Protein chains: 2
Amino acid sequence: MPSDIVRQLDPIFKAKSMAVIGASRAPFKWGGRAVLMPLLTGYRGAIYPVNPREKEIAGLTCYPSVRDIPYDVDMAVIVVPAALAPQAMADCVAKGVKGVVMITAGFAEASEEGRVLQDEVVRIAREGGIRFVGPNGMGIYTSAVNLNLCLHDDVRPGKIAFVSQSGTFGGLLAEVAERKGYGLSKFISIGNQADLTAADYVEYLGEDDDTGAIVLYMEGFKDGARFFRVAREVIKKKPILMYKAGRTEAAARATMSHTSSLAGSDEIVDAMCRQVGIIRATEVTHPFDMAEALIGLPLPRSNRVAIIGSGGQGVVTSDTCESLGLQVPALDRETSIKLKEALPPHAPVPSNPVDFAGGMRGPLDEVQVADALARIDYIDGIICNTPHFHEEDNRDDVKTAVQGAEILAAIPEKYGKPVVTLSWHSHSRGGAIGDVMKKAGIPSYETPEQCARAMMALAQYAEVRRRSDGE
Amino acid sequence: MPSDIVRQLDPIFKAKSMAVIGASRAPFKWGGRAVLMPLLTGYRGAIYPVNPREKEIAGLTCYPSVRDIPYDVDMAVIVVPAALAPQAMADCVAKGVKGVVMITAGFAEASEEGRVLQDEVVRIAREGGIRFVGPNGMGIYTSAVNLNLCLHDDVRPGKIAFVSQSGTFGGLLAEVAERKGYGLSKFISIGNQADLTAADYVEYLGEDDDTGAIVLYMEGFKDGARFFRVAREVIKKKPILMYKAGRTEAAARATMSHTSSLAGSDEIVDAMCRQVGIIRATEVTHPFDMAEALIGLPLPRSNRVAIIGSGGQGVVTSDTCESLGLQVPALDRETSIKLKEALPPHAPVPSNPVDFAGGMRGPLDEVQVADALARIDYIDGIICNTPHFHEEDNRDDVKTAVQGAEILAAIPEKYGKPVVTLSWHSHSRGGAIGDVMKKAGIPSYETPEQCARAMMALAQYAEVRRRSDGE
């Protein structure tokens, strides 16, 4: 039997039908966007525009009220002005709508009158048994029914759920993530959290099969105690990564007017994250990089990393790994001697990081060394390069690189150890090689620091899981 | 009259003719690459391949020795095996070659014999009056004569000089910089620094008109005292930004074998950088982001920043600015009231950061607020969004966005204050808008953190210049 939260939120995130209350013909107004976006991006459900002044919008029959829709309505998107929101919510209750996404702004974040209005909407929804997202948000994206109310046109479905307390900015972050090739299961612009809060979404996502990792952009907590209580349970099943803003004075000033939430003490948030096992990021795009590793790779047994890469790359990766608390153990003599045979003659005797001295003879050299290192019992994870080729029109070269990618791709399953890669060439992120890596859950990053942070996140979450499994 | 260093290094970096000693027909060997790369990428000088076993390479006459070339040779690229390098250098002296780029590896970084061989090459060069780059490097790129020995095919000429102690990795970093749209004046893979050292390059670049900012990737110093002495002088003319690797034990281990240099104490390097005014970066791609702002913008009078952006963006930018030591001053009442008129009705009363509450009415709103903030005497620099448009086929929309870009572009000159922007849409990095921004020297970044770091670098370098101007 599904839990309460699944029963309440599935109608929103798996909506088979959707009304848009306040639908409009103007494509750049919210009322137009909320109809057109799902229509154009292939929402797999029915769309019912609602507007008493229109007969038809974008070829769809328009209804005067949600109550006039002659079909079942799972979910309603509300975009009417704030003053009309209580009536819209009451109509939803009357119609038997199961969930609401309220985009309308002008509530608690704007004024005292707005706060009163917001409380009224909450009261109506609670009495009518409706849970709702927002208000003052940008809406949602959910891969389950391919419903996209607010993100970039061709958002990529995937295993990362992104919960954002900032709408516009959250949407833009989702776009950056997409440009990096990461896929989303959900995007939730949580707005004022008048009803559903970050804690509710985390609880729901914990039970969502489409979601492998949860990324949060937060400015302040509505109910911090509950949030961390929920997170402590969910984290036993999937990793939670958070950027928490509002560390400084100017930011706190902005936060207050932005989402009417108090930033709270940063030290307390930090301590709670550590205790619960939430990975807190220092930059706003980092959680996505780390989530990409966590959704597809086995967790390391401990924090000992082997690094393969040319000179400076090995130096920088090692530096960053060690500053993040990972170990980069020196190799034993026997292994060094064995590896020496795989390296170019002028390469130094390999230690860790393993340096190819710029003289790799083929994409198989590196991956074979990676495979050899993955066998070693004191190595828990591998950082190396994505195999690449020089000339797209040299088929042998491409074939060998793909073969290399396949050897690398086999490592996680073969040894139960994670592999993350640095990919300097755009072709090794997309195309044949990108496909092999993606299928194996191996991320391809652009900088050594991203690789190190991903490995750190893997090690940190492994520790959280060991702790919780031992409970 | 040109200084010694200019007289010595101009023949290398402005070479009108170049011999390749050890030229080869194999395109992926160094001997082939050093001929083909300049040929294919449009080097504006003459190329003379040298190899006793070939008559012709890539359509060019091949000479048995550099001494057999019947024309003047400004510079020679040496790629023969290490054992033949002393003879090659002696031939260059005999021919009257003025400068050398030695790519050959297998010297001090490889073995004791290699060290002896390297000392021999240095002795021959010194006695013959030849300065040389390397050995054990990847070569150079120089925009002055469009000579590209080692970088990605279509490197973009620009004002950033990049000096790298790592060859392969340096080349790859240059590629990342290029993907971000940054242009290079020079790339110098310094290798073992047997003759020319980082200090020499910095001294030379200080006098190079093509160079506006100097970026260094360093692992260890050959002569740290001289490096910082030279840097102290050069920094009076242009900014120096450095990533110094080798902070941790594993990295030091890798550094030792990589470029035969000792990493040295990280604390000392830090202290020296602070004293001299070198901006030290914590991640390896950051110096490029910061240099992009420094090459084109006026320096701020102090460190007080105004931030314009939607909710979360303002919060994160403020957070990062303040953690980096910048100030984000609250606005006075009068300014707030005046700005309120430019904002959408539901936007909160503007403070700093200025929040458009996701409801910008057009690209002119933001830039007009930016212009108004730039007038204020307690604001020294602006962080805002690159103007953008929604639909490429809506010409009015595009026209307005370009108009917005022009208003923004005028600010640096009009008020003598720097503007850096966040550009979430790839079209506002390239195309018509990108052109306007680029021409005004305004960088377009992908994350709020990059914006904050760039502004920090501007404020930090302004302080360095005030200090040195006051000397």
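1. The buried residues of α2(A) are covered by elements that include β1 (17-21), β2 (46-50), β3 (56-57), β4 (60-61), β5 (75-78) and β9 (147-148) of chain A. Helices (H or I, at least four residues) and strands (E, at least two) are DSSP runs, numbered from the N terminus, and two residues are in contact if their C-beta atoms, placed from the backbone, lie within 7 Å.

2. Helix α2 (residues 30-40) of chain A has 8 of its 11 residues buried, so it is largely enclosed by the rest of the structure. Those residues are A:W30, A:G31, A:G32, A:R33, A:A34, A:V35, A:L36 and A:P38; a residue is buried if 20 or more other C-beta atoms lie within 10 Å of its own, exposed if 12 or fewer, and partly exposed in between, with C-beta atoms placed from the backbone. Just after α2(A), a positive phi of about 85° is found at A:G42.

3. On provenance, this is a predicted model, in which local features need pLDDT of at least 70 and side-chain atom pairs count only at pLDDT 80 or more, whereas totals for chains, interfaces and linings use all residues. Residues are numbered from 1 along each chain as its sequence is written, and chains are lettered from A and ligands numbered from 1 in the order in which they are written.

4. Chain A is assigned domain 1 (1-136), domain 2 (137-295) and domain 3 (298-469), with bounds that come from an automatic or database domain assignment.

5. The contact between the chains takes 55 residues from chain A and 55 residues from chain B. On the side of chain A that touches chain B, the elements giving two or more residues are α5 (167-179), α8 (249-259), α11 (311-323) and α16 (448-469) of chain A, and α11(A) gives the most, with 10 residues.

6. How are the two copies related? Chain A superposes on chain B by a rotation of 180° with 0.0 Å of shift along its axis (RMSD 0.0 Å), and the two copies are thus related as by a two-fold rotation axis. The superposition is by least squares on the C-alpha atoms of residues with pLDDT of at least 70 in both. Of the interface residues of chain A, 100% are also interface residues in chain B, so the copies meet through the same surface.
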